[in-house]
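Morning, everyone. Let's get the model up on the screen, and then I'll walk through it.

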Amino acid sequence: MTREDSTMEAMASSPAAKPSTTLRVAAFSGSLRKGSWHGGLIRAAEELCEESIPGMSIDHVDISGLPMANPDLETDDGDGFPPDVEAFRDRVRVADCFLFASPEYNYSVTATLKNALDWASRGKHKCWADKAAAIVSAGGSCGGGRASFHLRQIGVFLDIHFINKPELQVRAYEDPHKFDADGNLVDAETRERLKQVLLSLQAFALRLQQH
């Protein structure tokens, strides 16, 4: 474990960081593919929270059924939405923080993820604002890093507060194998890195709630 990892774990386990209630983490996969690595990262995050991160719970929010963002679908002077969108916005609104599992398509985030970001930014209530978030990604030589950077830029306008470190950009094609055929995370080192991301997110979200 690096000194940075030790610091993050110490922060999350310090008395100031111990939660009195469970943080609800709304998690979103930008990939619709069956066997997606990004779905696998979220499943691994769920397992880690259950096994070894008290006070943190993952709510995996399926965004595949959302219609494409279209103001013509809005009602009530732009503050009413189709039922699927309303349900999605409710889950974003009640979350304490966010986990984005973002593939990289053409140097950017996927249309699926951008569509979800847009829907929850509409209306009078900006669902994303003033909450902590983390990004994890998997891909080729850059591990999805360019999409992660673009997502951070989008988050500026949405007032999402991303953790800066540690980062998790998985080079999925390099040995040893990181995922199995079903997209499940099988690499122990990557799993530990994911845990450190979650601990950092937990500590940052708790600090934001104190202000």
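**The largest cavity**

Let's start inside. Ala134, Ile135, Ser148, Arg152, Ile163, Pro166, Glu167 and Gln169 line the largest cavity. Two elements each give two or more residues to that lining: β4, residues 131–139, and α5, residues 145–158. Keep in mind that this is a predicted model.

How is the lining made up by class? Four residues are nonpolar, two are polar and two are charged. Arg152 and Glu167 are both in the lining, and Arg and Glu count as charged.

Now the volume. The largest cavity holds about 60 Å³ of space. With the threshold at 30 Å³ or more, the count is one cavity. How do we find such space at all? A probe the size of a water molecule is rolled over the atoms, and that shows where empty space is left.

You'll find His38 in helix α2, which covers residues 37–52. Is His38 buried or exposed? Buried, because its relative accessibility is 4%, and the cut-off for buried is under 20%.

What does His38 touch, leaving aside neighbours within four places in sequence? Ser29 and Ser31 come up, then Ala101, Ser102 and Pro103. Val136, Ser137 and Ala138 complete the list.

Note on methods. Residues are numbered from 1 along each chain as its sequence is written. This is a predicted model: local features need pLDDT of at least 70, side-chain atom pairs count only at pLDDT 80 or more; totals for chains, interfaces and linings use all residues. Side-chain values use heavy atoms; hydrogens and water are left out. Helices (H or I, at least four residues) and strands (E, at least two) are DSSP runs, numbered from the N terminus. Buried means under 20% relative accessible area, exposed over 50%, partly exposed in between (1.4 Å probe, protein chains only). Contact means heavy atoms within 4.5 Å. On a 1 Å grid over the protein atoms alone, a cavity is a set of points where a 1.4 Å probe fits but cannot get out, and a pocket is an open set with protein on both sides within 12 Å along at least five of seven lines; lining residues have an atom within 4 Å of a point. Grid points are joined across faces, edges and corners, and a volume is the space filled by probe spheres set on the points.
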